[in-house]
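I opened this entry to look up the open spaces at the protein's surface and the residues that line them. My notes follow the order in which I checked things.

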Amino acid sequence: MSTLIGLLVSLYHTVFGTLERLTNGWFIGLAARFVFASVLLVYFINSALTKIGTGILGFLSPSSGAYAQILPGMMEQVSYDTSQIAFFPFGLIVLLGTWSEFILPVLVTLGLFTRAASLGMIVFVVVMSYVDITGHHVDAATIGSLFDGNPGSLIADQRLMWVFVLLVPMLKGPGFVSLDALLGSYYRKRERYY
């Protein structure tokens with residue numbers, strides 16, 4: 001019996017040790033970025049598109065919808081008249097938030113400045129959740145709670161999963177299949193010649 005258990009343990013370690021060696025350094029970061037891109041990239045880009053102004057320079061002038069989404073309480077106080085909101089700091093917050101919603105998801109997906117972009121996205125998700133709860137006053141069912149047996153709540157459950165997917169490239173890096181790895185390789189080769 002102990003020989004059979006020893007054989008099973010050895011087989012277990014061989015199979016999963018080989019799998020770990022084959023995927024080490026490239027798979028986890030690439031998989032996390034792929035999951036992020038397939039689930040959230042279009043979501044964030046579409047959301048950001050609702051925040052830009054009209055015309056070719058609309059990205060320099062956030063829409064009133066951007067202000068309503070990012071600063072809901074303040075917009076209520078000024079009767080949705082964005083001209084009554086000071087650019088510094090509030091207009092700047094809306095502008096940078098809008099740009100972040102475009103730029104950070106693309107950087108994570110491409111694997112460029114991945115660790116910083118992933119951290120930025122985590123902060124973005126946390127702030128977005130805070131604004132949804134305190135500014136938009138979403139209901140308790142939408143907020144949900146951890147360990148409640150209902151994995152469908154939009155904030156507690158889904159956004160926790162979003163943050164986990166972003167923690168992987170933030171902590172482990174984007175993997176070898178990324179622009180970070182490509183640029184890092186280029187600069188290491190360049191340093192050898194100089």
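**Pocket notes**

I began with the second largest pocket, whose lining by class has three nonpolar, six polar and two charged residues. I am working from a predicted model, and I keep that in mind throughout.

Which residues make up that lining? I listed Glu-20, Thr-23, Asn-24, Gly-25, Trp-26, Phe-27, Ile-28, Gly-29, Lys-172, Gly-173 and Gly-175 as the residues that line the second largest pocket. I then looked up the helices, and found that helix H1 (2–23) and H2 each supply at least two residues of this lining, with the largest share, three residues, coming from H2. For the space in the second largest pocket I noted about 200 Å³.

Which helix gives the most to the lining of the largest pocket? I noted that at least two residues each come from helix H2 (27–49), helix H3 (64–70), helix H5 (87–110) and helix H6 (114–134), and that H6 gives the most, with seven residues.

Last, I sorted the lining of the largest pocket by class, and recorded 10 nonpolar, six polar and four charged residues.

How values were computed
Residues are numbered from 1 along each chain as its sequence is written. This is a predicted model: local features need pLDDT of at least 70, side-chain atom pairs count only at pLDDT 80 or more; totals for chains, interfaces and linings use all residues. Side-chain values use heavy atoms; hydrogens and water are left out. Helices (H or I, at least four residues) and strands (E, at least two) are DSSP runs, numbered from the N terminus. Ala, Val, Leu, Ile, Met, Phe, Trp, Tyr, Cys and Pro count as nonpolar, Asp, Glu, Lys and Arg as charged, and the others, Gly among them, as polar. On a 1 Å grid over the protein atoms alone, a cavity is a set of points where a 1.4 Å probe fits but cannot get out, and a pocket is an open set with protein on both sides within 12 Å along at least five of seven lines; lining residues have an atom within 4 Å of a point. Grid points are joined across faces, edges and corners, and a volume is the space filled by probe spheres set on the points.
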